[in-house]
Amino acid sequence: MLRSWVRALAWLVAPTLLLGCASTSDREFDPRDPLEPFNRATFRFNMDFDKAFVRPIAAGYRKVTPEPVDRSITNFFNNLADVTSAVNNVLQFKMSRAGSDVGRLFINSTIGVLGFIDVASNVGLPSYKEDFGQTLGYWGLEPGAYLVAPLLGPTSMRDAIGRGGDLFTDPLLGLRPHQVRWGLVGVRAIDQRADLLKATEILEGSTLDPYSFVRDAYLQRRQALVYDGHPPQDQSPQDFWDEVKF
């Protein structure tokens, strides 16, 4: 049975990958994106999957959820993300930022009723939202090749490793029973997707190549986050990833 599913999946994916290779043969090579044929095929798959399944759910969620409730749910998950941010700020020796994250977590979890109300921002505590990919970049690991992960979207070799590290500090993954854990993970994903509905409309209405636009925007944003908004003008050549052949 498993072999049958694998064989069927191969028949579905192989033509898409071949089309991706053919469609990028006449494009200028971007050294940041040595996996472009695979990435473009995965990007199209993600867009089609999103359009068929995820986006309708997110649109329905947005339609039936009053704006104050939607904002409160977003605040709740942002409050949980401050746990990960605090850990990564400590790992980067940014103690003042770590203290701000801990302060936000304490204030919003108590006065803010488990984070549904963002009291901390109103009293002047900024939100940093550091992650392990940023921590790896802070300590000198270059981003490596750009990668579009199935269902998960744009990332890089460094950030893919970082996502794995962030799992250890995600408060939701320690919840029991598993029905509650995965239910909250699902609500978080839908809430995040609903917040991006407008951005999707802008992207699809643009005459630019959506793949290149998303790639460039992602890489520029991640570089800015690693350097806290002040990336260096001259980038040093990659060292670790130069030994990896894609």
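This is a predicted model: local features need pLDDT of at least 70, side-chain atom pairs count only at pLDDT 80 or more; totals for chains, interfaces and linings use all residues.
User: What makes D33 count as buried or exposed?

Analyst: Buried means under 20% relative accessible area, and D33, with a relative accessible area of 0%, is therefore buried. D33 is found in the loop between α1 (2-23) and α2.

User: What makes the pairing of the side chains of D33 and Y211 a polar contact?

Analyst: A polar contact requires a pair of N or O atoms within 3.5 Å, one able to donate a hydrogen and the other to accept it, and the side chains of D33 and Y211 make such a contact at 2.5 Å. Leaving aside its neighbours within four places in sequence, D33 is also in contact with N39, Y146 and R215.

User: Why are α2 and α10 called roughly perpendicular?

Analyst: Angles of 65 to 115 degrees count as roughly perpendicular, and α2 packs with helix α10 (residues 210-226) at about 105 degrees, their axes being 11 Å apart; the two helices are therefore roughly perpendicular to each other.

User: Which residues of α2 and α10 meet?

Analyst: From α2 come E36, N39, R40 and F43, which meet P210, Y211, S212, V214 and R215 of α10. By class, this contact of α2 with α10 has 4 nonpolar, 2 polar and 3 charged residues.

User: Where is the kink in α2 centred, and which residues of the helix are buried?

Analyst: Helix α2 (residues 36-64) has a kink of about 50 degrees centred on D50. D50 is itself buried, and the buried residues of α2 also include E36, N39, R40 and F43.

Notes
Residues are numbered from 1 along each chain as its sequence is written. Side-chain values use heavy atoms; hydrogens and water are left out. The bend at a residue is the angle between axes fitted to the seven residues ending there and the seven starting there. Helices (H or I, at least four residues) and strands (E, at least two) are DSSP runs, numbered from the N terminus. Buried means under 20% relative accessible area, exposed over 50%, partly exposed in between (1.4 Å probe, protein chains only). Axes are lines fitted to C-alpha atoms, for helices over the stretch in contact, and angles run from 0 to 180 degrees between N-to-C directions. Angles under 35 degrees count as roughly parallel, over 145 as roughly antiparallel, 65 to 115 as roughly perpendicular and the rest as oblique. Contact means heavy atoms within 4.5 Å. Ala, Val, Leu, Ile, Met, Phe, Trp, Tyr, Cys and Pro count as nonpolar, Asp, Glu, Lys and Arg as charged, and the others, Gly among them, as polar.
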